[in-house]
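Open the model in your viewer and keep the selection tool at hand.

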Amino acid sequence: MKSYTEWQALSKSQTFHGQAYINGEFQAAQNGETFACINPATEQLLTNVASCDQADVDIAVANAKTVFKSGVWSQMHPKKRKNILLKLASLIDQHKDELALLDTLDMGKSISEMVNIDMPDVIDCFQWTAESIDKVYGEIAPTGTDTLALISHEPVGVVACITPWNYPMLMASWKLAPALAAGNSVILKPSEKSPLSVLRLAELTKEAGIPDGVFNVLPGFGHTAGKALAMHNDVNVLAFTGSTRVAALLMEYAGKSNMKRVWLEAGGKSPMLIFDDCDVKKAAASAAASIFSNQGEVCIACSRLYVQDTIKAEFMTALVEAAGKYQAGDPLDPNTKMGPMVDAVQMNTVKRFIESAQAEGGELVFGGVKDYQEGQGYFSQATIIDKANNEMEFVREEIFGPVLAVSEFTTEEEALALANDSKYGLGAALWTDNLSRAHRVSRQLESGMVWVNTWGEGDTTVPFGGVKASGNGRDKSLHALEKYTELKNVMIRIG
Ligand code: NAD
């Protein structure tokens, strides 16, 4: 790991790509417009980026469709496609520090998280998915002896991926790797708040040998480039990660256009249950990491914490001690655990929710609203609010910031009822040393992922995604490939 001084020096010499990447070329938006990319830790301009809209989308989709039909990628021998994606993984590995730095500068995530978590996951995602290309087989259905029914997975065509800003490279990779592995042409619209790393990735895809037009990046706003992609009749699949509000809009757009398949990884308000038979210190450290790492800008953050009343006092002491380790600071310092919020809007959202929580009767036990100094970055601080209940707005709504709501429970049934009392269902964590309880509660939690005596752990081999208003699809694992392939049945009469 490089030192603080080294990261600072690198950040000064870092150059940025600000143009759209269409059909293998970097180019300005057709309308000539740009938007500003600001470093949230300093409020300084990093660069201006092409602001794509309908005209760029039309060009990119038409190219992507033509390239798909040409078969240059979609019908390439699987082994060759695998080797190109493996080369891409290796190029990402070679440039991992630069890519890590781009995300840190662009959206404020701590450089140590980028280097230790995001980048290894990105590389693993491309490697693992590439390896799957020539290992996934089709099926022969058990029909009668006079017919042969072949079931195969076919690429779908043009895939549009719309991604958020909180894990810019990682969220994009979870979609790009399987969409490309399956043989599709892909158009990525990154968040307007963090487009820089994937524009650099575009260069690496060319170097790896991905044919022109197969991978495209269209930076731009949601209501322009994003909506144009979602409404396009030649986009066959839309893969989205972002808020529940926009996820709902995308379903509407799909219905109003060509009924494209829409895969949604949306928001969350995940619960963590602390039972009195757990390791209190470990649980408290995990609870703090869950809500304060990445400044709380984490979809699976356990922002609702329910602790059994018998250990509440002991747990709160351990929790406050653990929270003390999360001081907001310069994300380029490898010792920093919490960087700035992505922008002033997000910082003010956090402020508003802390104020509303207190107005509704919540008791501030750690942190609170942080003073803002113009030009010094959009920082919030780790905040814990006790005496919360499920009726309060800050407990029901996703804040997407470092604000933890704490309530207590007496029985297991009560804990489950409180945990499931949410429109979201992304993740859930529970801490207990009772194996039967761990299984019993996990089964009944309404969420796509459950962590027992841990939080946030994953692996490329396991699916990631939620239920209820948290979405429908799954990223990662072989299940992710299902999003980007059609099942085709060919029935042959041989009798
Ligand atoms: P967002 O919904 O505001 O934006 C996500 C993307 O959608 C951006 O690229 C944006 O430009 C685009 N967009 C916005 N309006 C659009 C429109 N009308 N049509 C088409 N595209 C549009 O979300 P965000 O603020 O970037 O990200 C934070 C959200 O993402 C949180 O809710 C978080 O929980 C969620 N998230 C979910 C997961 C998951 O795996 N479930 C992972 C990370 C983040």
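**Cysteines, then helices**

The structure holds zero disulfides, a disulfide being a pair of cysteine sulfur atoms within 2.5 Å. This is a predicted model, in which local features need pLDDT of at least 70 and side-chain atom pairs count only at pLDDT 80 or more, while totals for chains, interfaces and linings use all residues. Residues are numbered from 1 along each chain as its sequence is written, and side-chain values use heavy atoms, leaving out hydrogens and water.

Select cysteine 125 and cysteine 161. The closest cysteine sulfur to that of cysteine 125 is in cysteine 161, 11 Å away, which is too far for a bond. Cysteine 125 is buried, at 4% relative accessible area (buried means under 20%, exposed over 50%, partly exposed in between, with a 1.4 Å probe and protein chains only).

Next, select helix H4, residues 96-107, and helix H5, residues 111-132. Helices are DSSP runs of H or I with at least four residues, numbered from the N terminus. The two axes are 9 Å apart, at an angle of about 120°; axes are lines fitted to C-alpha atoms over the stretch in contact, and angles run from 0 to 180 degrees between N-to-C directions. H4 is therefore oblique to H5 (under 35 degrees is roughly parallel, over 145 roughly antiparallel, 65 to 115 roughly perpendicular, the rest oblique).

Show the side chains where Trp7, Leu10 and Ser11 of H1 meet Asp97, Leu101 and Leu105 of H4; contact means heavy atoms within 4.5 Å.

Key:
Helix = DSSP H or I, 4+ residues; strand = E, 2+ residues; numbered from the N terminus.
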